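Subject: Structure handover

Hi there,

Here is the structure I promised to pass on to you. Have a look at it first, and then read on for my notes.

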Amino acid sequence: MSDYQVLRQKYPRFIYQSSRWQIKAGHLSAQWHFLTQAAQGEELEFRPSLSLALPLQNQHQLDTQVITNLVFQIGLVEMLSYWKATASPTMIIKAGQLTQKQQKFWQELLIQGMGEYFYLNQIPFWQKSFVNFKLEPTETNQSTSIQAEKPSSSLTLAQLEQKIGKISRLKSTPTGNNQLLGNHQYLIPLGGGKDSIVTLLLLQRFLKRKPQDLVTMAINPTTAVRQTAKTAEVPLIEVNRQLDPQLLKLNQRGFLNGHTPFSALIAFTSTLVAYLHGVDRIALSNESSANEPTLMWHNHAINHQYSKSFDFETKFRHYLQSILAPSSDANAKDKQSTKSIAYFSFLRPLYELQIAWLFTQIAKKYWPIFRSCNVGQKEGIWCGHCPKCLFAFTMIFPFIGETAARSIFATNLFDESSLLPLAYQLVGAKIDQKQNLKPFECVGTKLESLVAFWLADQWYKKRGRQRPFILKQFEEKIFHQYPKLDLAAEKIFHQFNQHHHLPPKLATLLRQQISTMTLTTRPTKPIKIKQSQLDTQKADSFEIIFGLGREGLSSFDFLQQRQTKTTGLSSIILVDDQPINQLSPEWQRIIKENQLKLWSSDELRRRLSSIISQDPDQAKRFRFIKAPGIPQSHSLIEWAQKQKVAITSNTNLFFAAARKTPSANRPLIIGVTGTKGKSTTAALIAHILKQADLPVALGGNLGTPPLDLLKHLFKQTNTSSKKKVVNHNQTRQQIYVLELSSHQLADIKFSPDIAIWLNIYPEHLDYYQSYQAYVKAKAHIFRYQTKDDWLIYFAQDKMIKHWAETARARQKVLTPAQVQKIDLQQTKLWGSHNKFNLAAAIAAAKLVGISEKTAFEASKTFSPLPHRLEKVAVIDGVTYINDSLATNPGATIAALKSFAKQPVILITGGYDRGLSYRQLAETIIRQTNLKAVILLPETGHKILKQLKQLKPLQSTTRKDFLLKIVPDLQAAVVLAQQISQANDVILLSPASASFNQFKDYRERGQRFKQLIGH
């Protein structure tokens, strides 16, 4: 028996118990009560709620009967979110009355609007009497209350805002309360994406003489929604919707979950808002593309966007006629009219591709604002890894080009190989005999997505530019299957679907707006930033800082100190593909105060190409200082290499400056690399040297950019301290310990005096073309060493040993016996892998002149770094370990081995960078002390797949430990706490990067701490 059948039998009755609302202190608040009754008496209760601010002057005109009915109807949409947990066969409505026609509407909405939920849970919804409605209304199950307040004539705007919440000011209208909060002709629900922005701007253009006739609304508005309303200078009505937290707990317990028709909730809620604010028309932003089903299942169309479709819009308009009940007192003059409110989608005649073109033409100042990524909506970002991000990028790219698209999305998504499967899904392509299903997301039709990819490919072709990865794949496997894509594009461009409910004047306006759309449309210029232009006559040479992050800022400070009074900052060129508003506040300040221009990579390449093509010797005047996060394969770097333009880095500049120091003061540099453990080892070395009272500075990938460490060198050169550090038979004062990432080593031209290579695992395969390329970058740590230098590594690492055969430096090879003799119990370090880290640190200290005993004693006072097997807390006997830095499977395997004697609840999974999780799955199977494995998207699904492929899974996981996929870290922690007992270890060790849900591993680790109250 399937899960849904078990739940339907156990919970046969779902009850809409009551619907209540009140108006008080300028707010309307509503609450609903739902019950799920089990066959044996168990009850599940849910109490969701909603609230919104009101225009105070309208409260005395409101008809309680109308509001009561609307609140009840909204509850009917809300109940679907709770009914879905059990799919109970009987729905009992006690909160209000429904006619037979209304019951039919709700039954159709349930079946059509929940199609994705039925499909993903494999529920045969077409069976006869799948859901039965029973009406048992009671008057006591509806409650109303109005405590009206009339605004005082002396009420200030600040006082008004304090009462009903902050509202956007309209610069184009008077500031009187009636003008600001009075009746509006159009209500526009905002979603934060391009579609609702286009509706808003076109209606503003249509109503240019009456801008006060527009008001917007949003349910739980995001940052993008608020910024849109603020930029457009229109009022925003914020509807606060609160889900009952019991629903999340049920999901974690294994109850059913899935998509519900959220746009239907918008439809009913916007009707309530329109009535309360006296608005005549609700203008949605749903398009023709929403009509296309996502897939066919047992001859039934499953449409993720059903409640955005024309079919739903038509049915809702008919239903709207019966929602607004006649006034309870038709003769009362102070009652607001209950005439029907017009409901239509302004963009219904158009395809998504047409809307994207309009957006690029009329909404340039909204490019940095709009967001339609479900994954990153709370953080106000484009996650760059989901179907919505790729779809939005693909839609607008043909009309704005690479530079502007990259500035909006922070990268060229066509270059992301991991997105290729999503690209195939968007167009429904059949690859290798496999039919790719359209994503369950609000995306356009398969044909227009294909046309958009083709248009993007044409953009590169017309400019003679190399195509990015995804377009190359489409060129090879997809486009040849569709020989007339140019005709398909023209057809889409001139489409104006006649199935719509627009008022005639608005339909004419919209048709006029798209009449000039053709295939010859030129790409719009990138976002303009008013700054100075590059002038090759101002300086003899130019330093180009490419990548304005932490290291870029360090490089800028270094260069700024060395500028002459003649050139000032004119010889520094700043390049980044992010728009200026996405840079750090410090960079924004520097650019503004110094009136510097921010160049995009494409823009600068075109300018330099023009200069160098006229005189190739001009290439010698430029030098790139590349940030480590920018790969060598970047188009600008590849171009610079071909033109023989010099390329360096912050790390290279540091080494060069340190090596130029007179031999009497020349510093000793210790460099540490490895896939894992390099931060801890570098910090350990610095700690040991500091305890020995030696002048040491720690930096590199660990935090402080290398160039920022030079101040220690200058300080020590002038100090009176005569303490000497002996190494290589030379006398030196300052010691630098650097953690060196593969990105910092990839283009290095120097090597440290003492190089430590800890280990090597597959990592950063989204950055390097192959694992071998990653290993080669790591090997640069000893490439430039001499016979006087030292290389430290471990004997059992065959890969490193193979590469070390080419080293010129002396070698210190650490054996298993040397590692195993280290007693970590005398230190604060966890895990057997830290024996390797400490062994390497002690070996480096010995080369500096510190005895092994002294080094080990110093290590006893070393505190582990955050997010690296960090013991966060012990609560009720449960130990919480934060190992967020475990961004690959090898690190998580090491973490599991660190807790082999205690019951462990493992939380793992995250951003997918193409790594293999086979070895981790094997370790999980063999780890007999595992109590539970809680998996996070995206790699959680890969780990689960690997586990299912292992034969021991059948006999091991089902009997010995819980295996569960959850949506996010909060759900994982809640589940872990529910099943934990004293002496358990809750271990966050993701084996993956964090970028699908967090900024970086630090933010993920901090979130873990917050969730457990630390």
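Let me begin with helix α11, where the buried residues are F310, F312, E313, T314, F316, Y319, L320 and I323. Please keep in mind throughout that this is a predicted model. Packed against those buried residues of α11 are α2, α3 (100-113), α10 and β14 (342-345). The geometry of α11 holds up as well: its 14 residues (310-323) should span 20 Å at 1.5 Å a residue, and the end C-alpha atoms lie 19 Å apart, which agrees.

**Cavities**

The structure holds five cavities of 30 Å³ or more, and the largest cavity has a volume of about 60 Å³. Which residues line the largest cavity? They are V77, E78, S81, R241, T260, P261, F262 and L265. Two elements, α2 (64-83) and α10 (262-277), each give two or more residues to this lining, and α2 gives the most, with three. By class, the lining has four nonpolar, two polar and two charged residues.

**The strands around β2**

- β1 (13-24) pairs with β2 in the antiparallel sense over eleven bridges. R13 has Q37 in β2 as its bridge partner. The hairpin of β1 and β2 has two residues between the strands, and A25 takes a positive phi near 55° there.
- β3 (43-46) runs antiparallel to β2 and is joined to it by four bridges. F34 has F46 in β3 as its bridge partner. β2 and β3 form a hairpin with five residues between them, and G41 in the turn has a positive phi of about 100°.
- β4 (49-53) and β2 are also antiparallel, and they pair over five bridges. S29 has S51 in β4 as its bridge partner.

**Two residues in helices**

S449 lies in helix α15 (446-462). Is S449 buried or exposed? Its relative accessible area is 1%, so S449 is buried. Leaving out residues up to four places away in sequence, S449 touches F391, T394, M395, L426, V427 and G444.

Q977 sits in helix α36 (969-979). With a relative accessibility of 32%, Q977 counts as partly exposed. Leaving out residues up to four places away in sequence, Q977 touches Y880, I986, L1011 and I1012. Q977 and I1012 are 35 residues apart in sequence, while their C-alpha atoms are 9.1 Å apart in space.

**Backbone spots to check**

Most residues other than glycine have a negative phi, and most peptide bonds are trans.

- The peptide bond from P937 to E938 is cis, with omega near 10°. E938 is found in the loop between β33 (930-935) and α34 (939-949).
- H867 is a residue other than glycine with a positive phi, near 70°. It lies in the loop between α31 (852-859) and β30 (870-875). H867 is buried, with a relative accessible area of 6%.
- N983 is another residue other than glycine with a positive phi, near 85°. N983 is in the loop between α36 and β35 (985-988). Its relative accessible area is 44%, so N983 is partly exposed.

Best wishes

Conventions: Residues numbered from 1 in each chain as written. Predicted model: local features only at pLDDT ≥ 70, side-chain atom pairs only at ≥ 80, totals over all residues. Heavy atoms only, no water. 1 Å grid on protein atoms, 1.4 Å probe; cavity = no way out; pocket = protein on both sides within 12 Å on 5 of 7 lines; lining within 4 Å. Points joined across faces, edges and corners; volume = space filled by probe spheres on them. Nonpolar A, V, L, I, M, F, W, Y, C, P; charged D, E, K, R; others polar. Pairing = 2+ DSSP bridges. Expected span 1.5 Å × (residues − 1). Buried < 20%, exposed > 50% of the residue type's maximum accessible area, 1.4 Å probe, protein only. Contact = heavy atoms within 4.5 Å.
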